[in-house]
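Hello,

Here is the structure I promised to pass on. Please open it and keep it beside you while you read my notes below.

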Amino acid sequence: LDPRVQAAAETALTKRLAQFDKEKRFGQPGLEGAVVVTDPQSGEVQALVGGRDPRYRGYNRALDAARPVGSLLKPAIYLTALSDPDKYTLLTPLDDGPFVWKSRGAPDWEPANYDNKFHGIVPLRTALAQSYNAAAARLGTELGVDRVIDNVRRLGVERPLRPFASTLLGAVELSPLEVAQMYQTIASGGFRSPLRAIREVTTQEGRPLTRYPLAVEQVFAPEPVYLLSAAMQGVVREGTAQGLNKFLPPEVAPAGKTGTTDEQRDAWFAGFTGDRLAIVWVGYDDNRAARLSGAATALPIWGDMMAALAPEPLALAKPERIELVWIDPQSGLRGGTSCPGATEVPF
């Protein structure tokens, strides 16, 4: 553990939860939370907070609280799509209209969006930035539920996942540490390394008894991971996590994803900068329904902690096969620097 990171994580969690209780913003007091911070390159755990009371009480929520993850699973859908560049780009139009999934022996599944509205045809990167459920569910079922779940496993989730369409929108319970393992692979550019908290075991004299060397495996090509990470920077810049801009200067350009579960029982935020990946979960131990959202509850804790740590900017290493193209935002077609509002998009 890094004592400075650990202290910042404990302070951010305990102060924010106490503030939420005092404001009675989320009903009854007793909100709990967990934080995991890792080094994106080495996979070493820098901080781990298992609850609002930093004194260990026997239940570590960062390790043992398996909770529904909601939208935190969506990046696996978009990574699956972007791994097929002949069919999908960041500007591929997706349908965020009403969607019904029928399966034999089960009730129809009709995912709704957080704002209870549908948004028609939207670019892929907008569907991710705004976390549209209908667009993500339709895309995930078109790609194949089994195919997406296989990629969740490749990202590092070892827990068994049910091959249901609802799994695509996070109807799966993971601990904050398991979520950190999944996002670690994204933050490291597609290289999976098991999270670790021990480098070596030595004798009292310092003679090594057991070493735990860094183990790295490339599980995704760098290009689709680059595109996904760029889109996740858009989540912070202009999407559901833009509240983070109040905590960090724009040049840090973090990538992130909010998560909110059914009946707003769980609030999540997962994000990474140039030197740190952090996962925050907030909820009630008794799983009661509350007015929790990732953006309003988990994100401020992440922001407080990162602001105290002055993180390195996230400068994505551009793979050789990635090309930046100026796009006219009105038409979605190739444009130029003279087009009003033109933006560079990676392909």
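A278 lies in strand 13. Keep in mind that this is a predicted model. A278 is buried, because its relative accessible area is 0%, and buried means under 20%. Its contacts come from several places in the sequence. Leaving aside residues up to four places away, A278 touches V36, V37, F269, A270, G271, W302, M305 and M306. Now look at A9. A278 and A9 are 269 residues apart in sequence, yet 9.4 Å apart in space, C-alpha to C-alpha.

**Helix 1**

A9 is one of the buried residues of helix 1. Others include V5, A12, L13, L17 and F20. What do the buried residues of helix 1 pack against? They pack against strand 1 (32–38), strand 2 (45–49), strand 13 (277–283) and helix 9 (294–309).

Helix 1 covers residues 3–23, which is 21 residues. It reaches 30 Å from its first C-alpha to its last, close to the 30 Å expected at 1.5 Å a residue. At its start, a side-chain oxygen of D2 comes to within 2.9 Å of the backbone nitrogen of R4.

**Helices 5 and 6**

Helix 5 (residues 133–143) packs with helix 6 (residues 145–155) at an angle of about 100 degrees. Their axes are 5 Å apart. The two helices are therefore roughly perpendicular to each other. Helix 5 brings G140, T141 and L143 to the contact, and helix 6 brings V145, R147 and V148. By type, these residues divide into 3 nonpolar, 2 polar and 1 charged.

Best wishes

Technical notes: Residues numbered from 1 in each chain as written. Predicted model: local features only at pLDDT ≥ 70, side-chain atom pairs only at ≥ 80, totals over all residues. Heavy atoms only, no water. Helix = DSSP H or I, 4+ residues; strand = E, 2+ residues; numbered from the N terminus. Expected span 1.5 Å × (residues − 1). Buried < 20%, exposed > 50% of the residue type's maximum accessible area, 1.4 Å probe, protein only. Contact = heavy atoms within 4.5 Å. Polar contact = N/O pair within 3.5 Å; in protein donor to acceptor, adjacent residues only side chain to side chain. Axes fitted to C-alpha atoms, helices over the stretch in contact; angles between N-to-C directions. Parallel < 35°, antiparallel > 145°, perpendicular 65-115°, else oblique. Nonpolar A, V, L, I, M, F, W, Y, C, P; charged D, E, K, R; others polar.
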